[in-house]
Amino acid sequence: MSNKEQRFTLGLLAMEGSVLSSLIGPTDMFRIAQKLAQVRDPGTPLWPPHGVLTMALIEARELTKVYAMGDQTVHALRGVSLDIEEGAFVAIMGASGSGKSTLMNILGCLDLPTSGEYRLANEAVEGMQADQLASIRNRRIGFVFQQFNLLPRTSALENVELPMVYSGVKAALRRERAMAALQKVGLGERFQHTPSELSGGQQQRVAIARALVNNPQLILADEPTGALDSQTSEDIMRLLTDLNGQGMTVVIVTHEADIAAWARRRIVFRDGRIVEDVAAWTAGQARNDDARDGEVAA
Ligand code: ADP
Ligand code: MG
């Protein structure tokens, strides 16, 4: 390629990066970026590679959150900056009261920071009005909570249909997509059951199906296994790992180290600040390795 062609290709990739990455996935994007880095113009820095790899889904800068409690103020976040790439699997840890849920609410566009900047998929969130926040949530984010938050006396199918009611999807298509989401979480057979007729793990699966049904880029799960036993927790983490494997960005909050061990990056909060941020080998990968070792041994 001539220099001119290279520049053109780089420009195209930078523009179409998000479209392309959704077609071919982050791993291939990374390979393409590596190739392009090899043929780059002499004199251009190798890193960062000029927009080709800037696929941060979440870009947060110096977020603060101050709650007024009567004449007291609570500094829940004290300047949090963080990027999360598309396709990441992140666990947020930290003691109770350290600001994890406050951050998740801001990342989820449920709440606005007191100060700081937040871009989600390149849209500036910090200045948005309530209707714009609702729209970005609906288009991009699926939520999973500790207590499942399903409607009681309402079937699994109808619970999963709910986000599509808000986004105006027609009834027949709603049903079809809700069934597909329930099948994806292994609950296709139980679509008529109400929450009280399902176990905790099954209820959380319904909640995950509900989170998936608008095909979000981002799943935010605040203590998704907090109300589940350890075997069921593992099933839920395996499900989230599968979804992440299909390209969905997953951010979970957890107290438990063995739950955080499923994530590929761990961020620890203390008193409204990030005190640790590490990439890590995951429980899922370790299990795959064990399985492979088992095969060799057998
Ligand atoms: P975590 O999820 O890590 O337990 P939170 O983000 O819920 O922590 O809370 C961080 C701090 O902010 C705590 O001191 C908490 O009491 C306070 N806080 C959270 N939400 C509110 C609120 N709506 N009003 C006042 N204070 C709040
Ligand atoms: Mg919390």
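This is a predicted model: local features need pLDDT of at least 70, side-chain atom pairs count only at pLDDT 80 or more; totals for chains, interfaces and linings use all residues.
User: What makes Val90 count as touching Val251?
Analyst: Two residues are in contact if their C-beta atoms, placed from the backbone, lie within 7 Å. Val251 is listed among the residues that Val90 touches, along with Ile84, Ala263, Arg265 and Ile267, where residues up to four places away in sequence are not counted.

User: Why is strand β8 (residues 249-253) called largely enclosed by the rest of the structure?
Analyst: A residue is buried if 20 or more other C-beta atoms lie within 10 Å of its own. Five of the five residues of β8 are buried, and the strand is therefore largely enclosed by the rest of the structure.

User: Which residues point one way from β8, and which the other way?
Analyst: Thr249, Val251 and Val253 point one way, whereas Val250 and Ile252 point the other way, and all are buried. In a regular strand the side chains alternate between the two faces of the sheet.

User: How do you know that β3 and β7 pair with β8?
Analyst: Pairing requires at least two bridges between the strands. Four bridges join β3 (residues 89-94) to β8, and five join β7 (residues 218-222) to β8, so both meet the requirement for pairing. β3 runs parallel to β8, and β7 also runs parallel to β8. Opposite Val253 in β8 stand Ile92 and Asp222. From β7 the chain crosses through helix α7 (residues 230-245) to β8, in a right-handed β-α-β crossover.

Definitions and conventions:
Residues are numbered from 1 along each chain as its sequence is written. Chains are lettered from A and ligands numbered from 1 in the order in which they are written. A residue is buried if 20 or more other C-beta atoms lie within 10 Å of its own, exposed if 12 or fewer, and partly exposed in between; C-beta atoms are placed from the backbone. Helices (H or I, at least four residues) and strands (E, at least two) are DSSP runs, numbered from the N terminus. A crossover is right-handed if, with the strands pointing away from the viewer, the path from the first strand over the helix to the second runs clockwise.
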